[in-house]
Amino acid sequence: MEQRITCFLQAGNTGDLLETLRQLDLSGVSRRSYIFGKKDDAESALPESAEMLDVLSMLSTAAVKKMASLTDTDYVLIYTKSLPLKLGEHALRRMIQVADDTGAGMVYSDYFEVKEGEVRPCPVIDYQQGSLRDDFNFGSVMLYRTAALKRAVAKIPEEYQFAGLYYLRLRVSEKHRLFRIPEYLYTEMETDTRKSGQKMFDYVDPRNRQMQIEMERACTGHLKSIGGWLKPEFKDADLTQGSFPVEASVIIPVRNRVKTITDAVRSVLDQKTGIPFNLIVVDNHSSDGTTELLKEFAASDNRLIHVVPVRDDLGIGGCWNEGAFHEQCGRFAIQLDSDDLYIDENVVQRIVDEFYAQQCVMIVGSYRMVNFGLEEIPPGLIDHREWTPGNGRNNALRINGLGAPRAFFTPVLREIRLPNVSYGEDYALGLAISRHYQIGRIYDPLYLCRRWEENTDASLDIQKLNAHNTYKDRIRTIELLARIALNRNEAGGE
């Protein structure tokens, strides 16, 4: 097999870089390697098969344009880390073989990672049409078909500092498969040792705001290209329809949260409002004393409705449906997790007022991250300012959540309902609502979100994390297909 690959790498420590270049040369299929970074003394140490480019980051548009202009081989290999890469036996030949056989625009594979001195398997997940999030994990090695890459680069309409690689794969995915090889073909070094519960908020960190703006623009361009972008035109909301026993209900699904449920319940019952409201706690067969606590609360305050479902197969979404369809549910259903508590005594009234002021069927608020002792922890305020009136529902297909607390106009909630799962159920509902309705926003913090060891996403192993990401990508795929069909129907297509 002739040398069919041109390789592009990110500069780093000279010794690490030379080891990666050695691995690529030993593969027998690499013709030439280019390194993105500042030209310095390392350039003199490079082998003849490698060259330093005076472009600092491979994430930029300038970098992907360089890739397109410098490549004359069948494939382009992109290695996104600066630490040493260890290729498996015949790994690149296998990637070429699969790319040839499938006609894929890009192939990627499972890999091993060295983390804190330990080698661990790192399976990745299959790419779907709805895998639009910019943090999709392909691993650090991607093999692009050169013809597909060059066509995609020609369509990039603007200069990006951070979103060049992201836009490249979106554009390639419009015409080609992004194909996962379920084989461990290489080993990479991992230096981010944070737990999953710490990483998940990177995309709302204010320090990453400029990057997020670029990613939104790139995703918006892709959605327009494939017919999945929705104009900022929304259905009107008739908030007067129906008759309800109270104006608002706070719904708390709970299972075995004896350590936190008291704080959550008290923060609701202490609310001061000018409207009648109640609290519906759907107790999913707790066995740790939570049930007994709730019975005591219900006996002393008739505003608390303690519901133990008949069914024993409910996830969080199913419990939410139990609360929403309860005969005592109010006109507006307001979320609170059993770990958390409202920030003050005015939250329920504030949310209800905003429904009428913004004339919307769903409200998304903001929250402050705290530890178990309610002390603020990074990143602090989570306000999802990427949710804009003009493009929020499109950008929602890229980001990994819609924010909280969430509140719903009950007739719409009952019409759409939540999937009976315990992860992503609220995201699925919000996407479906946003297909037709404007979603209102409150940027002030409304509750304190506790992060502690018993959060369901605090420390996930790779299998659970992959399952969560696969499900959210599936939700996005469902919603994206629905939006494409909606646009086609409105345009008079079949």
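Which elements each supply at least two residues of the lining of the second largest cavity? They are β1 (5–10) and α1 (14–27), helices being DSSP runs of H or I with at least four residues and strands runs of E with at least two, numbered from the N terminus. This is a predicted model, in which local features need pLDDT of at least 70 and side-chain atom pairs count only at pLDDT 80 or more, while totals for chains, interfaces and linings use all residues. Residues are numbered from 1 along each chain as its sequence is written, and side-chain values use heavy atoms, with hydrogens and water left out.

The second largest cavity holds about 30 Å³ of space, and its lining includes Leu9, Asp16 and Tyr79. With 3 residues, α1 gives the largest share of that lining. A cavity here is a set of points on a 1 Å grid over the protein atoms alone where a 1.4 Å probe fits but cannot get out, and lining residues have an atom within 4 Å of a point.

Helix α4 (residues 146–154) packs against helix α5 (residues 164–173) at about 110°, with their axes 9 Å apart, so α4 is roughly perpendicular to α5, a term for angles of 65 to 115 degrees. Their contact (heavy atoms within 4.5 Å) involves Ala148, Leu149, Ala152 and Val153 of α4 together with Leu168, Arg171 and Val172 of α5.

How values were computed:
Axes are lines fitted to C-alpha atoms, for helices over the stretch in contact, and angles run from 0 to 180 degrees between N-to-C directions. Angles under 35 degrees count as roughly parallel, over 145 as roughly antiparallel, 65 to 115 as roughly perpendicular and the rest as oblique. On a 1 Å grid over the protein atoms alone, a cavity is a set of points where a 1.4 Å probe fits but cannot get out, and a pocket is an open set with protein on both sides within 12 Å along at least five of seven lines; lining residues have an atom within 4 Å of a point. Grid points are joined across faces, edges and corners, and a volume is the space filled by probe spheres set on the points.
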